Amino acid sequence: MIIGLTDSEADCLNENCDLKNQINQFVNQNEVTLNDPELAFANTLIDQLSDSCGMDFEVDFDEQIIEDATFLNNDCLRNMYIQAGGAETFANYLNNFDGDMSVANLKLAANPNLQDNVNAQTSAPENYLITLEFNPNNLDRPSLSIARTFIHELIHAEIFRKLLSISQHPSINLNPNQVIQLRNDYPGLYDYYTRCRWNIPQGQNPSSPQHEAMAQHYRDIIKSALREFDPNQPEEVYDALLWDGLMGSGELNYATGLYENSTVAWTSLNETERLSVISVRNNFNCE
């Protein structure tokens with residue numbers, strides 16, 4: 001039984017009996033308490049329903065994933081998601097949000113108001129919900145490139161999931177004791193957040209700890225996901241696409257292939273390698 005609903009929320013649920021029954025079953029099966037991610041997921045579904053009082057979204061109760069109408073009605077994103085779900089690496093990352101093993105829930109959406117140079121963004125969790133937003137204006141490119149965006153954002157979500165498991169709170173707000181726990185449970189993340197965000201040496205610009213970690217340690221995972229999604233590309237395409245979003249930020253120096261704030265991993269490539277990656281990526285995305 002769902003309690004504490006407003007009259008309008010109750011009316012919307014009564015107009016969508018199938019979803020109401022599914023939510024009740026989900027809540028009862030999980031024996032949720034007031035501070036559980038499962039209850040937050042149920043409340044998110046009710047909020048989502050109340051926006052239009054119509055079932056214009058899809059829910060995976062097992063994985064605790066919501067497909068917003070903006071995502072669901074975008075054929076390009078929807079088809080990519082279905083195809084990616086059949087690939088092992090994508091499926092493994094999605095399974096990390098299974099209600100039996102996760103403290104976080106996922107929402108997939110499209111947002112046309114993202115900046116032109118942003119393919120997607122993953123928001124830090126709010127009330128246990130991590131939202132992946134894709135820019136529908138940047139989909140005029142090969143499906144493999146869009147899949148690369150998806151696995152990139154899934155890795156962001158996975159990192160947020162790990163941080164949320166330490167935070168023991170609906171959002172990430174680590175106290176000193178939890179920072180110590182982060183060091184013990186996820187020493188790699190602790191190292192990158194310490195060096196790239198918390199203890200920045202004087203004169204050094206802060207960088208994205210997640211992008212630094214991904215550029216150094218997740219490239220093989222991204223490459224595997226790309227190859228599983230489309231096994232018919234030459235290796236140089238996978239090797240180039242995996243760097244998208246992991247090279248750095250700021251203005252690009254076209255002569256050296258370095259960005260104003262390049263990641264350490266990108267800087268470690270020699271100039272010839274960097275320029276080759278950029279060329280292959282640009283040519284592939286223009287096909």
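How many bridges join strand β6 to strand β7, and do these strands run parallel or antiparallel? The legends below begin with that pair. The model is predicted, so that local features need pLDDT of at least 70 and side-chain atom pairs count only at pLDDT 80 or more, while totals for chains, interfaces and linings use all residues. Residues are numbered from 1 along each chain as its sequence is written, and side-chain values use heavy atoms, with hydrogens and water left out.

**View 1. The hairpin of β6 and β7.** Strand β6 (residues 248-253) and strand β7 (residues 258-262) run antiparallel and are joined by 4 bridges, where strands (E, at least two residues) and helices (H or I, at least four) are DSSP runs numbered from the N terminus, and two strands count as paired if DSSP finds at least two bridges between them. Glycine 248 has serine 262 of β7 as its bridge partner. Between the two strands lie 4 residues, and glycine 257 in the turn has a positive phi of about 80°.

**View 2. Strand β5 and its partners β3 and β4.** In strand β5 (residues 129-134), 6 of 6 residues are buried, that is, under 20% relative accessible area with a 1.4 Å probe and protein chains only. Leu129, Thr131 and Glu133 point one way from the strand, whereas Ile130, Leu132 and Phe134 point the other way. β5 pairs with β3 (residues 105-110) in the parallel sense over 6 bridges, with phenylalanine 134 as the bridge partner of alanine 110. With β4 (residues 120-122), β5 pairs in the antiparallel sense over 3 bridges, and here glutamate 133 is the bridge partner of glutamine 121. β4 and β5 form a hairpin with 6 residues between them, in whose turn asparagine 127 has a positive phi of about 55°.

View 3. Thr89, Phe90, Tyr93 and Leu94 are the buried residues of α6 (residues 88-95).

**View 4. Leucine 106 in the largest nonpolar core.** This core, a set of buried Ala, Val, Leu, Ile, Met, Phe, Trp, Tyr and Cys residues joined through side-chain atoms within 4.5 Å, has 62 residues, and those with the most contacts inside it are Phe90, Leu106, Leu132, Phe150, Leu154 and Trp243. Helix α7 gives the most to this core, with 13 residues. Residues up to four places away in sequence not counted, leucine 106 touches residues including Ile65, Leu94, Leu132 and Leu154, a contact being heavy atoms within 4.5 Å.

Note on methods
Buried < 20%, exposed > 50% of the residue type's maximum accessible area, 1.4 Å probe, protein only.
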